[in-house]
Every structure is written in C-alpha cells, then in structure tokens.
Amino acid sequence: MSSIRLLLDNNRAWAEAIRAKHPDFFPRLAAQQAPRYLWIGCSDSRVPANEIVGLDPGEVFVHRNVANQVVHTDFNCLAVLQFAVDVLKVEHVIVVGHYRCGGIRAALEDSAHGLIDNWLRHVQDIAVRHAALLGGRDDAGWRVDRLCELNVADQVLHVARTTIVEEAWRRGQKLTLHGLIYGLEDGVLRDLGIEADSGTGVRADYARAVEAIGRR
Ligand code: CO
C-alpha cells in the first residue's frame, strides 16, 4: 500500500468513527468554527496541538513554525493572529514551546543548515539577550532547555507587542496570553507562569518567568 493510501484509509476510518458517535459533528463544524484558543507552536511532528490538550477539530486555531516564533515582520503569523483575535475573537493566545527543540539547539550551536539559519537568527537574538542567564551553567542540554523556555517567554512578549493585541486590549476585548512548554519525554505541558491580559501584566509576568527560569 502506498503511504498516501494509508493516510486516506486512516481518514475514512476516523471520519466514520466520529460520525457513528456524533452524527451532527461534521455538519455543525462545517457551518462555522468558534475556537476559544489560538495555539502558536513549533512545527515539530511530536507536538501536535489538538491531541496533546485533548481538543476536537474546531476548538483550537493553530499556527506552527520552527521554534514557535512570533516575528514582527512575519505576515503569515500576523495574519493568523489578526484573524484569530479580530474575527474569531479567541479568548486565549497560547505560545507553546517544547524541550529539546531542534531549532533552539541549532540556534545555540551556530552550525550551518542553509536558509533556515536566517529564521533561527531571531532565536540567537534571544540567546544574546539572555546571555548572562544562559552562561550560568556549563551544560549544553541545560542551556538548550533554558533557551526553549526563554524563547516562549520572549515570544509571548512579542505577541503582546503586536498592533493586533495592543488594539484589542485598548478597545477592552477579553484576551489572555499564556506561555507553556511541553516535555517530549513525558507528554506533559508546563505553565511558565505567564497569564496576562494587559501590557503591564505581561511585562510583570515575563520578568517573573525569566527570573524563575534562571533558578532552574
Ligand atoms: Co521545536
């Protein structure tokens, strides 16, 4: 069997199982989506958004890229964020990193991988910003995991500083930003302690989160 045939067969079985349990599931979803969450995560195949938080199709709007970054000139990410906030009116934006992230490791190693190195320069900027913290231990694995955490905290700050989120907060829209990190080894999501619904709130939570990361 070709590998794409396997996907089609899996899909038929999946759709059939859902239809058998909830006959109105697909017609209801086809009519409209109303997700409460926007997930900004890593493209890593081991960190699938819906599965690890037990959400069905229709419950989470998803943007993924290498090392879960929010870059202020990335119109792909900004378009997803704008649509999620302004049109879908999601209540939560969650930046989800993961330990042992290959993108983060590559950024720290400073080795050549082609075009993607340009994308990872942004992660290197974050490493420079937190050089003192990251120099706290002579342990490559520790530094990768700390930068995975710091990257999440900094990306939440980037989300907060987009015109999209600033405008939403200015007009009083209910929108909370979060920073989580996922353990590939145990399947568990950890909260970095950022739960912000204002510009001042996010800066305070960010400072606390970075301080806590420095103590690990
Ligand atoms: Co990753």
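At what angle do helix α4 and helix α9 pack, and how far apart are their axes? I began there, noting that this is a predicted model in which local features need pLDDT of at least 70 and side-chain atom pairs count only at pLDDT 80 or more, while totals for chains, interfaces and linings use all residues. I also noted that residues are numbered from 1 along each chain as its sequence is written, and that side-chain values use heavy atoms, with hydrogens and water left out.

**Entry 1, α4 and α9.** I found that α4 (residues 75-87) and α9 (residues 163-170) pack at about 15°, their axes 9 Å apart, the axes being lines fitted to C-alpha atoms over the stretch in contact and the angles running from 0 to 180 degrees between N-to-C directions. That makes the two helices, α4 and α9, roughly parallel (angles under 35 degrees). Helices here are DSSP runs of H or I with at least four residues, and strands are runs of E with at least two, numbered from the N terminus. I listed Leu78, Leu81, Gln82, Val85 and Asp86 of α4 as meeting Ile164, Val165 and Ala168 of α9, where contact means heavy atoms within 4.5 Å.

I looked up the donors (N, O and S atoms within 2.8 Å of the metal, or 3.2 Å for Na, K and Ca) and found Cys42 (SG), His98 (NE2) and Cys101 (SG) at 2.0 to 2.3 Å from the cobalt ion. Cys42 lies in strand β1 (residues 37-42) and His98 in strand β3 (residues 92-98), 56 residues apart, a pair that links distant parts of the chain. Both Cys42 and His98 are buried (under 20% relative accessible area with a 1.4 Å probe, protein chains only).

Methods: Angles under 35 degrees count as roughly parallel, over 145 as roughly antiparallel, 65 to 115 as roughly perpendicular and the rest as oblique. Buried means under 20% relative accessible area, exposed over 50%, partly exposed in between (1.4 Å probe, protein chains only).
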